[in-house]
Amino acid sequence: MAKEKSEKKGKKWILWVLILLVVATSGGVVGTVVTPKIMSALGSKKETVKHHAKTVVSGKQQLVPVKKFVINLTNEDGSDNAQYAQITLSFLVANSEQKTKVKKNVAVVRDSVINVIRQKKASDILGSSDSLAGLKSQLRDTINKAYGTKIVEDVFITNLVIQ
């Protein structure tokens, strides 16, 4: 008799665990499917798109990706501890003709980027919330100055590692 009761308790326990798993799984699935629909109905999705649409490639504009750079940074405290930045960039140009010019003269771009970044410390790049925006502006201006004309409209940092 005691053996039957313990077997029933064991079966009930397993049944409860299975019920909880089914409820949790179905709740997760429903939440994943229903939440985006509710959020888009409330209009929050449209606000997010507007917020991130500061620079959009439009019309004839082209993106020009450039191979990654690995650059020595200036030491923070004058010590011998070398720091490096690995950075991958893309440039927004006005049209396919400008894209061809940038690709043809990629050495000018690479030289400009290296000359700007090698003068930076890690804290200059990561120090504040607007540090990267300032770096992007400086890179754009330096490249345009090297070309002698406004060829790069915007700079996008697609990968950044500082070690």
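Student: How many helices and strands does the protein have?
Tutor: The protein has six helices and three strands. Helices (H or I, at least four residues) and strands (E, at least two) are DSSP runs, numbered from the N terminus. This is a predicted model, where local features need pLDDT of at least 70, side-chain atom pairs count only at pLDDT 80 or more, and totals for chains, interfaces and linings use all residues. Residues are numbered from 1 along each chain as its sequence is written, and side-chain values use heavy atoms, with hydrogens and water left out.

Student: In what order do the elements run?
Tutor: From the N terminus on, they go α-α-β-β-α-α-α-α-β.

Student: Which residues are buried in helix 4?
Tutor: Val109, Ser112, Val113, Val116 and Ile117 are buried there. Buried means under 20% relative accessible area (1.4 Å probe, protein chains only).

Student: Why are they on the same side of helix 4?
Tutor: Because they cover an arc of only 115° around the axis. The arc is that of the directions from the helix axis to the C-beta atoms.

Student: And what covers them?
Tutor: The cover includes strand 1 (62-73), strand 2 (83-93), helix 3 (96-104), helix 5 (122-126) and helix 6 (131-147).

Student: New topic. What sits over the ring of phenylalanine 69?
Tutor: The charged end of arginine 110, 4.1 Å from the ring's centre. A charge sits over a ring if NZ of Lys or CZ of Arg is within 6 Å of the ring centre and within 35 degrees of the ring normal.

Definitions and conventions. Buried means under 20% relative accessible area, exposed over 50%, partly exposed in between (1.4 Å probe, protein chains only). Contact means heavy atoms within 4.5 Å.
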